[in-house]
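Hi,

Here is the structure I promised to pass on. Have a look at it first, and my notes follow below.

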Amino acid sequence: MSPRSASVNEELRRRSRERLLQAAVELVGEHGFEATTLADIADRAGSARGLVSYYFPGKRQLVQSAVHRLMHRTLEEALEREPRTEDGRERLARAVDAILGLARDRPVLMRQHMAGLLQAEGFVQCPEQRRLAELLSDTVARYGAQNVTADYPMLRALLMGAVYSALVPGVPMPVPVLRAELFRRYGLDWEMGVPPESEPAAGARNGDLSRFFATDERPSSP
């Protein structure tokens with residue numbers, strides 16, 4: 001049997017990393033950060049425990065990367081859904097609804113993510129975080145911001161603050177109220193994006209995360 005080509009090995013590594021990211025968001029969403037171990041994540045992903053350390057320095061870095069991937073792909077899906085649009089205000093409305101929707105639909109996962117950002121390590125710089133930043137920056141630019149360098153961090157801060165406010169145990173702010181405030185700030189019409197009254201019931205929302213973690217590609221034959 002001839003050895004696998006470099007391209008095949010690279011594809012297999014990519015797929016292994018994707019499975020670890022998916023397993024991390026699933027398990028932390030189900031059980032929380034502290035109750036989820038790296039061994040649990042490796043088992044769910046069907047990977048060797050040592051492979052986790054090969055890709056990620058630790059559990060917090062893995063989980064942050066996984067959540068940033070989920071946020072990036074959720075945002076991407078919202079921006080590109082039909083009917084496609086290049087209207088900057090509509091795209092910003094979709095972006096706000098996508099991020100607030102994660103706080104509403106995956107509260108355990110997003111609460112753990114926000115808590116992780118307050119740890120000493122802070123923001124993990126990873127490919128997933130960079131893709132999320134690029135997509136949000138592009139959204140700000142299409143909205144018509146005159147200074148994207150300044151306006152993107154402000155949007156990010158406002159979205160993080162809204163997510164945090166929606167998830168504070170005991171005193172959460174209702175997502176529609178947070179949405180209304182963000183829409184007012186950016187001059188967006190309530191009917192843009194996905195208004196709360198048009199959302200499907202909680203049980204009807206798609207809980208399958210596999211579409212956000214591209215593991216279905218097959219390496220080509222050497």
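At what angle do helix 4 and helix 6 pack, and how far apart are their axes? Helix 4 (residues 59-80) packs against helix 6 at about 125°, and the two axes are 10 Å apart. Axes here are lines fitted to C-alpha atoms, for helices over the stretch in contact, and angles run from 0 to 180 degrees between N-to-C directions. Helix 4 and helix 6 are therefore oblique to each other (under 35 degrees counts as roughly parallel, over 145 as roughly antiparallel, 65 to 115 as roughly perpendicular, and the rest as oblique). Their crossing is left-handed, a label used if the near helix is turned anticlockwise from the far one by less than a right angle, with right-handed for clockwise. On the helix 4 side, the contact is made by Arg60, Gln64, Val67, His68, Leu70 and Met71, and on the helix 6 side by Leu109, Met110, His113, Gly116 and Leu117 (contact means heavy atoms within 4.5 Å). Sorted by class, that makes six nonpolar, four polar and one charged residues. For the classes, Ala, Val, Leu, Ile, Met, Phe, Trp, Tyr, Cys and Pro count as nonpolar, Asp, Glu, Lys and Arg as charged, and the others, Gly among them, as polar.

Some ground rules before the rest. This is a predicted model, so local features need pLDDT of at least 70 and side-chain atom pairs count only at pLDDT 80 or more, while totals for chains, interfaces and linings use all residues. Residues are numbered from 1 along each chain as its sequence is written, and side-chain values use heavy atoms, with hydrogens and water left out.

Now the overall picture. The chain has nine helices and zero strands, where helices (H or I, at least four residues) and strands (E, at least two) are DSSP runs numbered from the N terminus. The C-alpha trace spans about 60 × 40 × 35 Å along its principal axes. Of the 222 residues, 45% count as buried, meaning under 20% relative accessible area, with exposed over 50% and partly exposed in between (1.4 Å probe, protein chains only). Among contacts with a separation of 6 or more, 71% link residues 24 or more positions apart.

Back to helix 6 (residues 107-117): its axis also comes within 10 Å of that of helix 8 (residues 148-167), crossing at roughly 120°. That makes helix 6 oblique to helix 8, and the crossing is left-handed. Pro107, Met110, Arg111, Met114 and Leu117 of helix 6 meet Met160, Val163, Tyr164 and Leu167 of helix 8. This contact has eight nonpolar, no polar and one charged residues.

Helix 8 also packs with helix 5 (residues 88-105), at about 35° with the axes 9 Å apart, in a right-handed crossing. Here Leu92, Val96, Ile99, Leu100 and Ala103 from helix 5 meet Leu155, Leu159, Ala162, Val163, Ala166 and Leu167 from helix 8. By class there are 11 nonpolar, no polar and no charged residues.

Ile41 sits in helix 2 (residues 38-45) and is buried at 0% relative accessible area. Beyond four places in sequence, its contacts include Leu20, Ala24 and Leu62. Ser47 lies in the loop between helix 2 and helix 3 (49-55) and is buried too, at 13%. Leaving aside neighbours within four places, Ser47 touches Ser16, Leu20 and Ala42.

Cheers
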